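Please examine the sequence and the structure shown below. The paragraphs that follow lead through one part of the fold and its surroundings.

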Amino acid sequence: MHLSDMHFGRVDQRLLAPLRARIEALRPHVIVVSGDLTQRAKPHEFREARAYLDTLPKPQVVVPGNHDVPLYNVFQRFLSPLGKYRRIISEELEPSFIDDEVAVVGVNTARSLVFKGGRINEEQVKRVRGLICDLDDRMTKIVVSHHPFDMPDDWDDQHQVVGRAAMALRTLAKCGADVLLSGHMHKGHIGQTAETFKAGGTCALLVAAGTATSTRARGEANSFNALTIEPRHIEVQQFDWNEAAGEFAPGPRHSFDHGAEGWTASN
């Protein structure tokens, strides 16, 4: 289950119970939250987020986003940018979950020096390589970040792609990374990596989640993604908030198979 951009502090409270109900009905193996748990990184927002996460199934892989770094408190922003996140949400900023079938590895792309953008560095890429490179090729390898590694050409704010994305993509391709999960744009998207990634010998899936619960939906319905993973086969389904029904309703299901050049859409 892939949630993102919950933005406690600007949450549509009506969505919380239906979201929980849908997640419980789907019985996820693992829940991923790709950043922006809060609106302004305030203690009460983090506490609300923590309380809600505690009501959802475990295990969970949660990474911070740029909104989880204080914006107006300059002292905290630069000296302890994720101090409240560490204290209330988790001390671990880059958690992972690995079993016999799937590896889910988190990357923290939130930075103090930029207000909206994010960045990944070589040390972080090295860490991810150390976790996934030697795993069995039959396992599905998933990398989670708040900022996207790529996005469709027709989306605005192309500069919101994570800094040093090309370096990271080329390197992770060599380790057989299968899926890149992200948020940040408040728009759902399912696609495949650009030519920079194919240069590494494979093609991964890009799966972006919209905002699950924020009032800042940017013209789209609140949503989240469900990924069904089997060896060499992945199905991705977006669940959208249906105002009339008062529930998160299933949308189209997209299927992908793994071949010699990586992941391609199934016929």
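Which residue in S12 is the bridge partner of Asp 240? In this predicted model, that partner is Ala 249. S11 and S12 form a hairpin with 4 residues between them. Within the turn of this hairpin, Gly 246 has a positive phi of about 70 degrees.

Strand S11 is also paired with S10, residues 223-230, by 8 bridges, again in an antiparallel arrangement. Here Ala 226 stands opposite Gln 237 of S11. The hairpin of S10 and S11 has 2 residues between the strands, and Arg 232 takes a positive phi near 65 degrees in it.

Arg 22 lies in helix H1, which covers residues 16-26. Although Arg 22 and Ala 249 are 227 residues apart along the chain, their C-alpha atoms are separated by 8.6 Å. Leaving aside residues up to four places away in sequence, Arg 22 touches Phe 224, Phe 239, Glu 247, Phe 248, Ala 249 and Pro 250. Among these contacts is Ala 249, the bridge partner of Asp 240. For Phe 248, the side chain of Arg 22 reaches the backbone oxygen at 2.8 Å.

Terms used:
Residues numbered from 1 in each chain as written. Predicted model: local features only at pLDDT ≥ 70, side-chain atom pairs only at ≥ 80, totals over all residues. Heavy atoms only, no water. Pairing = 2+ DSSP bridges. Contact = heavy atoms within 4.5 Å. Polar contact = N/O pair within 3.5 Å; in protein donor to acceptor, adjacent residues only side chain to side chain.
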